[in-house]
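Me: I would like to go through this model by question and answer. Please keep each reply brief and end it on the value or name asked for.

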Amino acid sequence: DVTEIEEKEAQAKQEEQIIKEQELSNLLHEKRYLKALGLAISLDRPHTVLTVVKAILKEPEGRRHLEENIVRLRKDQKEAVLAFLVTWNTNSRNCHEAQAVMETLLKHEAPDNLLQFSGIKSAVESLLPYT
């Protein structure tokens, strides 16, 4: 019977998730946005990433801080943010944040690098009608 083992694994995963959520909350409170972005992306939480982006943009010099943080993300994290911003862009409440992130990606990534992103074709096709 492996039920007990499976229950322990599920409980351990749940505890780890709670710890990461608390860490994310602490990072946001401490305004450590780069780590917060990375953690939210790793947790695959588009809404949380959007919350971090909004918090950055509310800061004085928000656009500059957003650029600094987005540029420092790894390629896989940038790909995830691109996928998230496609969804954000379809909602008028979040389109400004999506456009700000997209502008940063377009400014700081060479076209050849952007073409290497997974899902770039579908992302561009989805962004065009709303942009």
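Predicted model: local features only at pLDDT ≥ 70, side-chain atom pairs only at ≥ 80, totals over all residues.

Me: Is Ile120 buried or exposed?

Reply: The cut-off for a buried residue is a relative accessible area under 20%. Ile120 has a relative accessibility of 16%, so it counts as buried.

Me: Which residues does Ile120 touch, not counting those up to four places away in sequence?

Reply: A contact requires heavy atoms within 4.5 Å. With residues up to four places away in sequence not counted, Ile120 touches Leu82, Leu114 and Leu115.

Me: What separates the C-alpha atoms of Ile120 and Ala83?

Reply: Along the chain, Ile120 and Ala83 are 37 residues apart.

Me: Which residues line the largest pocket, and which elements give two or more residues to the lining?

Reply: The lining of the largest pocket consists of Leu82, Met102, Leu105, Leu106, Leu114, Leu115, Ile120, Val124, Leu127, Leu128 and Thr131. The elements that give two or more residues to this lining are helix H6 (95–108), helix H7 (111–115) and helix H8 (120–127).

Me: What volume does the largest pocket have?

Reply: Rolling a probe the size of a water molecule over the atoms shows where empty space is left. For the largest pocket, the volume is about 180 Å³.

**The chain as a whole**

Me: How many helices and strands does the protein chain have?

Reply: Read along the sequence, the pattern of the protein chain is α-α-α-α-α-α-α-α. The count for the secondary structure is therefore eight helices and zero strands.

Me: What percentage of the contacts in the protein chain with a separation of 6 or more comes from residues 24 or more positions apart?

Reply: The C-alpha trace of the protein chain spans about 55 × 35 × 25 Å along its principal axes. Among the contacts with a separation of 6 or more, the share from residues 24 or more positions apart is 59%.

Me: How far apart do the centres of the positive and negative side chains lie?

Reply: The protein chain has 18 positive and 22 negative side chains. The distance between the centres of the two sets is 6 Å.

Me: Why is H2 described as largely enclosed by the rest of the structure, and what covers its buried residues?

Reply: Seven of the ten residues of H2 are buried, so H2 is largely enclosed by the rest of the structure. The buried residues are Tyr33, Ala36, Leu37, Gly38, Leu39, Ala40 and Ile41. What covers them includes H1, H3, H4 and H5.

Me: Which residues is Thr48 in contact with, leaving aside its neighbours within four places in sequence?

Reply: Thr48 lies in helix H3 (residues 46–58). Thr48 counts as buried because its relative accessibility is 16%. Leaving aside neighbours within four places in sequence, its contacts are Leu24 and Ala40.

Me: What phi does Asp44 have?

Reply: Asp44 is found in the loop between H2 and H3. At 54% relative accessibility, Asp44 counts as exposed. Although Asp44 is not a glycine, its phi is positive, at about 55°.

Me: Where does Lys31 lie?

Reply: Lys31 is not a glycine, yet it has a positive phi of about 60°. Its place is the loop between helix H1 (3–29) and helix H2 (33–42).

Me: What separates the C-alpha atoms of Glu68 and Leu34?

Reply: Glu68 lies in helix H4 (residues 62–71). With 37% relative accessibility, Glu68 counts as partly exposed. Glu68 and Leu34 are 34 residues apart along the chain, and their C-alpha atoms are separated by 8.8 Å.

Me: How far apart in space are Asp76 and Phe117, C-alpha to C-alpha?

Reply: Asp76 is found in helix H5 (residues 75–89). Asp76 counts as partly exposed, at 42% relative accessibility. Asp76 and Phe117 are 41 residues apart in sequence, and their C-alpha to C-alpha distance is 8.2 Å.

Technical notes:
Residues numbered from 1 in each chain as written. Heavy atoms only, no water. Helix = DSSP H or I, 4+ residues; strand = E, 2+ residues; numbered from the N terminus. Lys, Arg positive; Asp, Glu negative; His and termini not counted. Charge placed at Lys NZ, Arg CZ, Asp CG, Glu CD. 1 Å grid on protein atoms, 1.4 Å probe; cavity = no way out; pocket = protein on both sides within 12 Å on 5 of 7 lines; lining within 4 Å. Points joined across faces, edges and corners; volume = space filled by probe spheres on them. Buried < 20%, exposed > 50% of the residue type's maximum accessible area, 1.4 Å probe, protein only.
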